[in-house]
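Dear colleague,

I am handing over a structure that will be new to you, and I would be glad if you could look it over before reading my notes. The sequence and the model come first, and what I found comes after.

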Amino acid sequence: MRVGERLVDLDEFVHAHLSSLRWSAFLLCGDWTDADDITQDALVRLATSVGRVRDPAATLAYARKCLFRSFLDTRRRTWRREAPVGEVPEVASDAEAAVETRLDLVAALRDVPPRQRAVIICRFFLDLDVAETARALRCSEGTVKSQTARGLDALRRHPQFDIPKKYAEEAL
């Protein structure tokens with residue numbers, strides 16, 4: 001009976017949080033196909049270890065942890081290190097300026113090393129504090145701080161994502 005209840009809870013959880021997990025995965029990898037694979041892998045990890053999560057409120061944090069671990073694991077595989085060859089088409093109108101900005105951000109994030117990218121996504125897109133990010137990525141708070149600084153520095157140096165110096169200093 002308990003297993004059936006967990007499956008129902010897991011099903012409800014997936015329906016409630018799938019889009020945010022998928023979006024986070026897309027921000028990490030910059031490709032919807034890879035994002036779907038990473039999200040699916042993270043949900044499989046969550047489903048196989050749902051009994052370990054004692055507090056139901058911590059399920060989302062554990063799912064994010066599974067997502068980040070899945071992302072970092074895929075980046076360690078050699079067959080995943082190939083860069084996509086296709087070019088993104090130019091945006092045709094001013095109404096789609098937000099899309100262009102988003103594409104610039106994704107391109108800039110793609111060039112940031114995976115661990116730094118994961119920290120930036122946790123800190124600035126998921127709005128996790130340093131301690132929560134450290135728990136999600138299984139590292140120390142000092143590592144989160146140094147990886148954040150290095151990742152932001154890499155973004156600042158990216159030609160497609162030019163941040164004026166005064167804004168970059170305010171972010172720190």
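Predicted model: local features only at pLDDT ≥ 70, side-chain atom pairs only at ≥ 80, totals over all residues.

The secondary structure of the chain amounts to eight helices and zero strands, so that, read from the N terminus, the order of elements is α-α-α-α-α-α-α-α. The chain has 172 residues, of which 37% count as buried.

I looked next at the pair formed by helix H2 (residues 32-48) and helix H3 (residues 59-76), whose axes are 8 Å apart and which pack at an angle of about 125°. Because angles from 65 to 115 degrees count as roughly perpendicular and those over 145 as roughly antiparallel, H2 and H3 are oblique to each other, and H2 passes H3 in a right-handed crossing. On the H2 side the residues making the contact include Ile38, Ala42 and Leu46, and on the H3 side they include Tyr62, Cys66 and Phe71. Taken by class, the contact of H2 with H3 has eight nonpolar, four polar and six charged residues.

A second pair is H5 and H6, whose axes come within 10 Å and cross at roughly 135°. H5 and H6 are therefore also oblique to each other, and H5 passes H6 in a right-handed crossing. Here Arg115, Ala118, Val119, Cys122 and Arg123 of H5 meet Val130, Thr133 and Leu137 of H6, and the residues of this contact divide into five nonpolar, one polar and two charged.

Helix H6 (residues 130-137) deserves a paragraph of its own. Its buried residues are Val130, Thr133, Ala134, Ala136 and Leu137, and, seen down the axis of H6, they fall within an arc of 165°, so they line one face of the helix.

Finally, is Gln116 buried or exposed? This residue is found in helix H5 (residues 114-125), and Gln116 counts as buried because its relative accessibility is 11%, where the cut-off is under 20%. Leaving aside residues up to four places away in sequence, Gln116 touches Gln147, Arg150, Gly151 and Ala154.

Notes: Residues numbered from 1 in each chain as written. Heavy atoms only, no water. Axes fitted to C-alpha atoms, helices over the stretch in contact; angles between N-to-C directions. Helix = DSSP H or I, 4+ residues; strand = E, 2+ residues; numbered from the N terminus. Parallel < 35°, antiparallel > 145°, perpendicular 65-115°, else oblique. Left-handed = near helix turned anticlockwise from the far one by under 90°. Contact = heavy atoms within 4.5 Å. Nonpolar A, V, L, I, M, F, W, Y, C, P; charged D, E, K, R; others polar. Buried < 20%, exposed > 50% of the residue type's maximum accessible area, 1.4 Å probe, protein only. Arc of directions from axis to C-beta.
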